[in-house]
Amino acid sequence: MGEVIEGEFQRRRIVPWRRGEGLASLLERWRGDKTVWPHLALDHTAPSNEATFAEVPAALAPPVREALARRGIERLYSHQARAFELSAAGKDVVVATPTASGKSLCFNLPVLDSLAREPTACALYLFPTKALSRDQEESLRAMMADASLSHGAITFDGDTPQDARRAARERAGIVLTNPDMLHSGVLPHHTNWARLFANLKWVVIDELHTYRGVFGSHLANVLRRLERVAAFHGSKPRFVFASATIGNPREHAARMLGREVELVGESGAPRGERHVLIYNPPVVNPELGVRQSYVKAAARLSADLVRAGVTTLVFGQSRNTVEVMLKYLRDHLSEERIPLDTLLAYRGGYLPQTRRNIEARLRAGEIRCVVATNALELGIDIGALDAVVCAGYPGNLAALWQRFGRAGRRQERSLSMLVCSSAPLDQYVAQDAEFILRAPVEQARIDPDNVEVLVQHLKCAAFELPFVSGEAFREVPAAQTGEALDFLSGHRVLHRDEQTWHWASDAYPAANVSLRSIGWDNVVIIERPMEKTLAELDWRSAHVMLHEQAIYQHDAEQFQVEKLDLPNRKAFVRRVEPDYFTTALTQTRVEVMSEEKSAAPFASGEVSVVEKVVGFKKVKFHTHENVGYGEVALPELQMHTTGMWLTVHEDIVTSMQAPRVEVVDAVRALGHAMHSVACVGLMIDPRDLGRTLGSRTGQPLMEPTLYLYDEIPGGVGLAPRLFEERLELLARARTLIEGCPCDDGCPACIGLDVGLGAPRRHGRKRLALAVLGKLGA
C-alpha cells in the first residue's frame with residue numbers, strides 16, 4: 001500500500017510547472033494579445049458532438065463480451081456495432097471515421113469473435129509501417145488476454161527474430177505485418193505458412209488512405225495474389241479496411257479488392273469542442289513579401305501551450321525543422337522548471353527502441369510536448385493530446401485533417417492550429433482560410449491494371465502457383481490474364497504446356513519488385529569518441545543531412561559530421577555546441593538518355609533524373625541569418641526512369657509578344673495544370689509523377705522544356721501512357737485552366753505566382769492559355 005501511495009505522490013510531483021491555466025484561458029489571452037490576434041487568418045470553433053451508442057451485439061461471442069466488460073465497455077459506438085453487424089453477415093467492410101473514433105474495435109471484434117468460436121481460426125493484419133504493427137500488437141494481445149484467448153498475436157517483419165518467425169508460422173492466431181513483408185516474405189513461401197492460409201478467416205488492412213498511387217496499385221495486386229494463395233489452401237477470407245478521412249473510401253476499397261464493399265462512414269464517437277486556428281506570421285519585408293519565420297512562430301506558440309499545461313503535438317515539414325523547433329521550444333521553456341525530457345522529438349532516423357520509448361511515455365502522459373514529422377500522422381496510440389500545431393501546410397487537406405485529428409482524443413476542448421509559412425501554397429490557404437473548412441477532402445486513386453505493375457505481380461503469382469488455362473487473376477478476366485501469361489512465356493519467363501503456365505526462371509521475382517519508390521538502404525550514424533550508434537538515415541537523406549561539415553541535429557543537440565563513409569554506410573559525428581545549423585543546397589536536372597517516340601512538340605523515352613548536393617549554408621539559430629557557406633563533394637544521385645517532355649520551340653516563344661521570362665513562367669504554369677490532370681487521368685498519387693522545367697539546349701530560358709517522369713526507378717509506364725494521350729492531356733489542361741474561377745492562378749489550376757522579381761506585363765492565366773493555343777490545344 002505504501003508503494004502505491006509513494007507512486008501516486010511521484011506522479012503528482014513530476015509536473016510542478018502546471019499553472020492550471022488550461023486551453024480556454026490561453027485562447028482568451030491570445031485573442032487579447034496584439035502579437036497573436038491580428039495575425040489569425042481563421043478562428044473557428046467546431047461544436048462538440050455527443051456520442052451515439054448501440055448495445056453490444058448479442059451475437060458477439062461470450063469471451064469477447066467479457067473482455068469488453070473488463071475494460072468498462074458496456075456499450076459500443078454506433079459505427080462499431082454497425083461494422084460488426086456487416087462483418088458477421090459475411091460482408092467486406094470499410095470503416096472511414098475520424099482519427100480517435102475507435103476504429104480498432106471495428107476490426108478486432110469480428111476477428112476475436114471468430115477466434116473465440118473456432119480454435120484454429122487465423123487472421124492477417126496489414127499496417128503500412130513497422131511501428132504501427134508493433135503498437136497494435138501490444139493492444140491486441142492485451143485484449144486477447146482479457147478474452148482468455150490462447151491464440152498468439154505476433155508481428156512478422158524484418159526485425160522479427162528467427163525463433164519468433166517460427167512461432168508466427170506454427171502457432172500464431174493473428175499475424176501482423178506490412179505489405180512489403182507479405183509480398184516478399186510470406187506469399188512466395190506460402191507452403192511454410194500452410195496453417196495460416198488454410199484457416200485464414202480475416203484480413204484487416206489499416207490506414208487504407210495511405211495506399212494510393214503506385215504503392216496502392218501494388219498492394220491491390222498483392223491482395224490478388226493473397227486471395228489466390230488462400231483459395232489454393234482452401235480458405236476465403238473476409239476483409240475489413242480502416243481509413244482516415246478521404247473523399248472516396250468505398251470506391252477506393254472496392255478498387256483495392258475488386259468487388260463491392262460496405263461502407264461504415266458515420267461515426268458514433270463523441271468529439272469535444274474543437275478550435276481551429278490559422279496563424280499567418282506578420283510581414284517583416286513588405287517589398288519582398290517575406291514573413292516572420294513560421295518555425296520560430298510555431299515554437300513560440302507551442303511554448304505558450306506547454307506553459308498553460310496543454311499537452312501538445314507539433315508537426316514539422318522535415319527532420320531538420322523538427323530538431324530546430326525542439327531546440328527553440330526548450331530554449332523558450334528553459335527557465336520554467338520544465339524537465340527537458342518531457343519535450344521530445346519523434347521522427348524517422350531515431351532508433352526503433354528510442355521511438356518505442358517515446359510512444360510509451362506519451363501513452364503514460366509523461367511528455368508535455370512532442371515535435372514530430374509525419375511519422376506520427378498514422379494511428380499509433382500516443383494517448384490523449386489537447387493541441388496540434390502544424391508548422392506549415394502539409395500540401396493537402398487529407399493530411400492536414402489527419403494531423404488535426406490527433407488532438408481531442410478525449411471529450412474535452414481541443415486546439416488545431418496551422419502556422420503558415422511564406423510559401424505560395426501556405427499563403428493561398430491563409431488568404432482564403434475557410435478553404436480548409438469547405439473544400440472537399442482529396443480522393444485516393446489507384447490503377448491495379450497498370451500493365452507494368454500487373455505483369456510484375458503475374459510473375460510473382462506464377463512463382464507461387466502455376467496458372468491453369470481459363471484462370472482469371474481475381475477480377476482480371478481469364479482472356480486478358482492468358483494474354484499476359486503468353487507474353488511472359490514468349491520472353492521465357494514462364495513455360496507453357498498444354499493447360500498450364502509454370503515459372504521457368506532461376507530468379508526470385510518478388511525480390512526484384514519494390515512496392516515503394518524508396519529503398520530500404522540505411523546509413524548508420526556513429527558518435528565519436530564512444531563509437532556508439534546514435535541513429536540511422538535512409539540513403540537519400542544521408543546525402544542531404546550527413547555530408548561532411550554538416551551539423552546533424554538529434555534530440556535538440558548538435559553533432560558535426562566528421563566523415564561520411566558511403567561505401568560502408570556509416571557516418572561519424574562528434575557532439576558540438578555551435579550557434580548555427582546547416583541546410584544543404586541541391587540541384588535537380590533531367591537528362592534524356594534515349595528518345596524512343598516523337599510527335600512534335602512531344603517526345604518520350606528513357607531519362608536520368610540527377611540530384612546533387614552542391615553545397616550547404618550555415619543558418620544562425622533564432623535570427624535565421626546566413627553566416628556562411630561551404631562546398632560539398634558527393635556523388636550524384638541518379639535515377640533512371642521513363643519520361644515524356646514537351647518542348648516549346650523558339651518560334652513560339654518569340655511569337656508570344658511577351659517578355660521571355662514571362663513566357664517561360666507560363667510554361668511552368670502549364671506544367672502545373674498538366675501534372676494535375678495527368679495524376680487524375682492515371683489514377684496516381686501526385687508524388688508518383690515528377691515534374692521539372694529545363695531546356696534541351698542547356699541554356700536557361702531557351703526553348704523551355706517541360707518534363708513529366710515516373711518517380712519510380714525504372715518507371716512503371718506512366719510517362720509512355722501520357723505520351724499516347726498527349727493531345728487529350730493538353731485539352732484537359734485547357735479545360736482545367738479555363739474552368740477555374742480564380743483571377744490569375746491558384747493551386748487548383750496553374751499554381752501560384754512564384755514571383756519574377758519585376759512587374760508583370762501579362763496575366764499568367766491568359767499567357768498560359770495563349771501558349772496552349774500555339775501548341776494546338
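This is a predicted model: local features need pLDDT of at least 70, side-chain atom pairs count only at pLDDT 80 or more; totals for chains, interfaces and linings use all residues.
I started with E703, which is found in the loop between strand 31 (689-695) and strand 32 (704-710). Helices (H or I, at least four residues) and strands (E, at least two) are DSSP runs, numbered from the N terminus.

Residues are numbered from 1 along each chain as its sequence is written, and side-chain values use heavy atoms, with hydrogens and water left out.

**Positive phi**

Back at E703, I looked up phi and got a value near 45°, positive in a residue other than glycine. E703 counts as partly exposed because its relative accessibility is 21%. My cut-offs are under 20% relative accessible area for buried, over 50% for exposed, and partly exposed in between (1.4 Å probe, protein chains only).

Next I checked R337, in the loop between helix 13 (319-332) and strand 15 (343-346). Phi of R337 is near 60°, again positive in a residue other than glycine. R337 has 63% relative accessibility, so I put it down as exposed.

I jotted these down because most residues other than glycine have a negative phi, and most peptide bonds are trans.

**Cis peptide bonds**

I found a cis peptide bond between R528 and P529, with omega about 5°. P529 sits in the loop between strand 22 (522-528) and strand 23 (532-538).

Another cis bond joins A600 and P601, with omega about 5°. P601 belongs to the loop between strand 27 (580-599) and strand 28 (602-620).

I traced an open sheet whose 3 strands run in the order 19-21-20, with antiparallel pairing. Its edge strands, pairing on one side only, are strand 19 (467-468) and strand 20 (494-496). For two strands to pair, DSSP has to find at least two bridges between them. Strand 19 pairs with strand 21 (residues 500-503) over 2 bridges, and I saw F467 opposite W501 in strand 21.

**T311**

My last stop was T311, in the loop between helix 12 (294-307) and strand 14 (312-315). T311 is buried because its relative accessible area is 10%.

Leaving aside neighbours within four places in sequence, I listed its contacts (heavy atoms within 4.5 Å), among them I367, R368 and D386.
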